Each structure stands twice: as structure tokens, then as C-alpha cells.
Amino acid sequence: MPTAVILGRVSTEDQGRRGYSLPEQLVECRKKARDMGATEILEFTDEISGEILDRPGLTAARELIRQGAVKWFVCLTADRLSRKLAHQLLLVEEMRRRQVQLVFAQHGYEDTAEGRFLLSVFGAVAELEKEKIRERTSRGRRGKYKTGKMAQYIDIFGYDLDTVADILVVNDNEATWVRQMYDWFIRERLGPYEIRDRLNDMGVPAPRGDQWHKSTVHRILTSATYTGTLVLNRKDWTGVSLNKHRPVAERVAPTWKDEAEWITIT
């Protein structure tokens with residue numbers, strides 16, 4: 001049975017772009033697969049950056065390829081497959097070994113020296129576009145921070161984001177408990193473990209989940225945010241994956257930026 005695998009992918013920077021939604025990608029790829037004679041079409045999708053190779057949808061599709069159950073692998077364009085040239089070439093070689101034909105719905109590709117060269121050009125352009133998107137986003141975020149506004153939502157217990165003014169405002173209910181924690185710490189000399197237990201015994205809603213944790217209490221008691229100073233732009237998240245499906249050993253941690261790049265909001 002001639003089988004085609006379809007892979008669609010979107011990420012944050014793709015949202016709102018014409019022709020990049022998952023349903024549109026799948027419709028076009030499905031038509032391409034049928035035109036080639038596929039009688040069975042298996043669809044996989046990812047909503048994650050194209051810089052990451054270990055994506056759930058792509059991983060599942062690759063497993064089928066390894067099993068020898070696929071004749072065609074269909075993507076809308078080369079950058080939907082990956083935005084990293086090295087990853088594109090790795091996947092192409094993987095398909096060649098299993099005699100799987102790689103097909104792009106919006107542009108041609110032949111598994112020849114010329115075809116692989118053109119694919120490398122597409123890959124280089126995709127990487128360049130990704131870097132340009134990252135730079136524009138980073139520049140816009142820094143500009144907003146410098147005016148005292150929030151460029152993105154930051155979940156801080158005791159505060160809410162005013163989405164009209166793009167500033168943090170005090171959440172009175174949560175702020176009451178922040179003040180209470182400081183009072184217990186200073187006046188009663190309670191430590192994070194004891195404060196945690198007291199909050200849980202009193203049934204105070206925790207920021208996440210049902211229970212307070214010692215680490216949450218410690219973070220609140222040591223955060224400069226509660227003195228009125230919020231420090232942003234401290235870490236470099238370039239290349240960091242938040243993909244929970246990725247093995248812990250393979251996850252990349254963000255690095256600290258030079259202190260001169262930090263931005264303080266009062």
C-alpha cells in the first residue's frame with residue numbers, strides 16, 4: 001500500500017502569517033500526496049520551533065521511516081521540515097537510506113547533487129530568516145522594557161498584567177499573602193518550610209497547583225520584585241527548548257547575560 005507521511009509545523013513566529021496555518025499546510029500536502037498516487041496518508045504536526053530536531057510529530061514520522069513503511073515524505077516547504085540546514089541534510093540522508101522520496105508541496109526537489117545544493121540554499125535562507133525574526137523580536141522587547149512596559153506576560157504572584165497599559169499592577173488578594181509571608185518571616189522568624197506548612201494548613205491558593213512548596217516561598221522572600229524592582233533581560237534563551245518531550249539530559253539551559261544588558265523596571 002503506497003503510504004505518504006505528511007508533516008505540518010507552526011511556531012510562535014509563524015502565527016498570523018498567510019499560508020502557515022496547520023490546516024492550510026495539511027490540505028496542500030494532502031493534495032500533493034494524492035497526486036503522486038498515495039493511497040494511505042498519515043499526518044503529523046508540530047507546534048514548536050523549526051530549530052529543534054527532537055519534535056514529537058517529526059519523531060513519530062521518522063520512526064515510521066525507520067520501519068520501512070513510508071514511500072513519500074511530504075512537507076509544505078523546506079523550512080517546515082527544519083530551519084536548520086544541518087538538520088535538513090541529516091533528515092534527507094535518513095530518507096535516502098530508507099528509499100523514501102522527500103517532496104515539498106510548494107517547490108520542487110530532486111535527490112540529485114543539484115537538488116541537494118538547492119535544498120542547502122533553502123536551509124541557509126531559513127536560518128537567516130529565523131535570525132532576523134529573533135533580532136526584531138528581541139529589539140522590540142528591549143525597547144518596550146526601557147519605557148517601563150511589559151513586552152510579554154510574566155507570571156508573578158501578587159501582580160497582574162494590565163494588557164491595555166502593558167504594566168504590572170498589584171493583585172490585592174495575592175498581595176495580602178505576600179505581605180503576610182514577610183510578616184511571619186520578620187516578626188515570628190518563621191523559615192520557608194514553616195511558612196509553606198502554615199499556608200497549606202490555612203488553605204491559601206498556591207500560585208501553581210494545589211500546594212505551596214518551600215522553593216516558592218523562598219523565591220518570594222528573596223525576590224527584589226517585592227521591593228518594587230523588576231529586573232528583566234537577564235538570560236539568553238537562544239537555542240533553548242521548552243519542549244517537555246525532550247529528554248532532560250538533552251535540554252539546553254539559558255545562560256546569564258552581562259549585567260550591563262539587564263533592564264530594570266520600577
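Visitor: Where is Thr77 found, and why is Thr77 called buried?
Guide: In this predicted model, Thr77 is in the loop between S3 and helix H3 (78-81). Buried means under 20% relative accessible area; Thr77 has 12% relative accessibility, so Thr77 counts as buried.

Visitor: Which residues does Thr77 touch, not counting residues up to four places away in sequence?
Guide: Thr77 touches Phe104, Gln106 and His107. Phe104 is also the bridge partner of Cys75 in S4.

Visitor: What makes S3 and S4 partners?
Guide: Two strands pair if there are at least two bridges between them. Four bridges join strand S3 (residues 72-75) to S4, therefore the two count as paired. They run parallel.

Visitor: Why are S2 and S4 said to stand at the edges of the sheet?
Guide: The open sheet has four strands in the order S2-S1-S3-S4, with parallel pairing. Strand S2 (40-47) and strand S4 (101-104) each have a single partner strand, so one side of each lacks a neighbour in the sheet. On average, neighbouring strands are turned by 20 degrees against each other, direction ignored.

Visitor: Which helix lies across S1, S2 and S3?
Guide: Helix H2 (residues 56-66) does, running at about 150 degrees to S2.

Visitor: What makes Glu94 and Arg62 a salt bridge?
Guide: The limit is 4 Å between a side-chain nitrogen of Lys or Arg and a carboxyl oxygen of Asp or Glu. The closest N and O atoms of Glu94 and Arg62 are 2.9 Å apart, so the pair meets that limit.

Visitor: Are Glu94 and Arg62 buried or exposed?
Guide: With the cut-off for buried at under 20%, Glu94 counts as buried at 9%, and Arg62 counts as buried at 12%.

Visitor: How do you know that Asp155 and Arg208 meet in a salt bridge?
Guide: The N to O distance is 3.6 Å, which is within 4 Å, so the pair counts as a salt bridge. Asp155 lies in the loop between helix H5 (113-146) and strand S5 (159-162), and Arg208 in the loop between H7 and helix H8 (214-222), so parts 53 residues apart in sequence are tied together.

Visitor: Why is Arg208 called exposed, whereas Asp155 is called partly exposed?
Guide: Exposed means over 50%. Arg208 has a relative accessible area of 54%, so Arg208 is exposed; Asp155 has 44%, so Asp155 is partly exposed.

Key:
Residues are numbered from 1 along each chain as its sequence is written. This is a predicted model: local features need pLDDT of at least 70, side-chain atom pairs count only at pLDDT 80 or more; totals for chains, interfaces and linings use all residues. Side-chain values use heavy atoms; hydrogens and water are left out. Axes are lines fitted to C-alpha atoms, for helices over the stretch in contact, and angles run from 0 to 180 degrees between N-to-C directions. Contact means heavy atoms within 4.5 Å. Buried means under 20% relative accessible area, exposed over 50%, partly exposed in between (1.4 Å probe, protein chains only).
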